[in-house]
Amino acid sequence: MAPGGFVDWRGNTINKEVHGGVRAAWFLYVLTVVSNVAIIPNLLNLVSYLHGTMHMGVSGSATTTTNVFGATSGFALIGAFLSDSYITRSRTMLLLGPFMFLGYGLLALQAYLPSLHPPPCNIETELNNCKKVHGWNATLLYTALYMSAFGDGFIRVCLPSLGADQFDHEDPSESRQRSSFFNWYTFGISSGGFVGLIFIVWLENYKGWDIGLGVCAILILLGLLVVAAGLPFYRNQVPEGSPLTRILQVLVVAFRNRKLELPEKLEEAQESCTRTRTCSVDALSQTDNLNSFMHLARFLNKACINRGKNGDWSVCSVAKVEDTKIVLRVLPLFISSMISYISNVILFTFTVQQGGMTNTRLGKIHVSPATLFIIPITFQLIMLAVYDQFIVPFLRRRTGYVGGVTHLQRIGIGFASMLLASVIAAIVEKKRKEAVVQMSLFWLAPQFFLLGVADVTSFTGLLEFFNSEAPRGMKSIATALFWCELGLASLMATLLVEIVNSATRHRHHGGWLEGTTLNSSHLDLFYWVVAVLGLLGFFNYLYWAKKYVYQHNPHIVETSADQDPL
């Protein structure tokens, strides 16, 4: 039987034998890999391009890079709204994703034509003679950067949601495949980044930025063509109108009815139940069994009371009320996860800077600081494959959960890894500063390993959790919120650095992280601050995670209506 609410690319009812499944997902895996071959190395190398080729200042280059990353998350929200409300995810991606190709194409053209960028010079030694990009060329640069961010945002938010749509969570076999999809989606991101950090960075540094950016544009175009070739095989979720409007309707109607008594049987009070997915009163009580949510749930239930007026702004369906409850129940976990993720952002950034201060020679090979990102990515690739092929089946037999453990347990393991990595990083950094002989890069292996564990567990777990728990018509918005959570965690990490520097700054001494090098800074002490923050964030996350009730039973076979907490 075909899952309800899904159609093929022509709008016809789907056939599970033809549409969806692993075959359809393979087209999406290809785009995941090739797009990240371009995205990850350029995200890490963009500051070098803006500073070295476009002769922008250090702070200006860093700010522009941060703004482009933030804009990507903003565009992702727009893409999520469009794909959930009006057009399917596959069409959204194929119609607006090509802007990413055009953006990289313009960047490659600007890097190739001498008239479109400043004359070459060494900005470090000839600062006064270097002309910063300006005028029409600056406009072209920003247009190309934000055009690529626009397309990236739409692809980033639609791709994982479309992939999850290819598997029916009510089918035991497809439910397991759906869980594996997110593991292999993350594997695709890591493998694309691995290739990009070797191949694309080499092209841009040794063959020219025009060659490197041009190859990126071609790869993205090829990836989109592969996704287009898979159109006849996709299951497409039928858009159900604006989900934000539906939530607002529930809140407004519930507020209007706040003084009314809630009837014992709401189906008698709601005459419009024929428009709902379900008319059972039990549906309104599934998520109301927690004291912390009971009062809010009773308030929202009043949106179903019919006061004799018809219309979406006068009475709401059971389905709308339940969708609103789901969104509100996820918000505490969204916030607590964002706080816990600050440690990951800080550790990733400063561990690479630590690596630049160590002996990075591996035999006759010199590893550049930018290439150090390959180390945690390599750990991620190995652990993702081992986790999906061996650990998950083993745990599944022991626990009965589709993913071996619940989503929130998996996320918690990641946050615990970040906490342990912060402690180890503080100890290693103190040892590095006290060492007489330059420390080997291998001393950072435990940090890199734990960062890999954190990404395998928390990154993939959060993405799968938001997607699986979101209402059917809000899958893309849930994915967009996931990416926004990472962006907000980055901003909060920057704020934490500023706060610590301000608090530790004295008359003639800069803050802990304001030294000219790490040797004159106090990164080890800052890591202890991060560890304390991580510990507080971890306990806060556990508090909300233990109170959470899953929308769908995470066990392989749903034998009862009871929901399993963490």
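Biologist: Where is the place of Ile-198?

Modeller: Ile-198 sits in helix 6, residues 172–207. A helix here is a DSSP run of H or I with at least four residues. This is a predicted model: local features need pLDDT of at least 70, side-chain atom pairs count only at pLDDT 80 or more, and totals for chains, interfaces and linings use all residues. Numbering starts from 1 along each chain as its sequence is written, and side-chain values use heavy atoms, without hydrogens and water.

Biologist: Why is Ile-198 called partly exposed?

Modeller: Its relative accessibility is 44%. Buried means under 20% relative accessible area and exposed over 50%, with partly exposed in between (1.4 Å probe, protein chains only). So Ile-198 counts as partly exposed.

Biologist: What makes Cys-316 and Cys-484 buried?

Modeller: Cys-316 has a relative accessible area of 0%. Cys-484 is at 13%. Under the cut-off for buried, therefore, Cys-316 qualifies, and so does Cys-484.

Biologist: How do you know that Cys-316 is in no disulfide?

Modeller: A disulfide is a pair of cysteine sulfur atoms within 2.5 Å. The structure holds zero of them. For Cys-316, the nearest cysteine sulfur belongs to Cys-304, 6.9 Å away.

Biologist: Which residues is Tyr-49 in contact with, leaving aside neighbours within four places in sequence?

Modeller: Met-54, Leu-107, Ala-111, Leu-141, Trp-209 and Leu-213. Contact means heavy atoms within 4.5 Å.

Note on methods. Helices (H or I, at least four residues) and strands (E, at least two) are DSSP runs, numbered from the N terminus.
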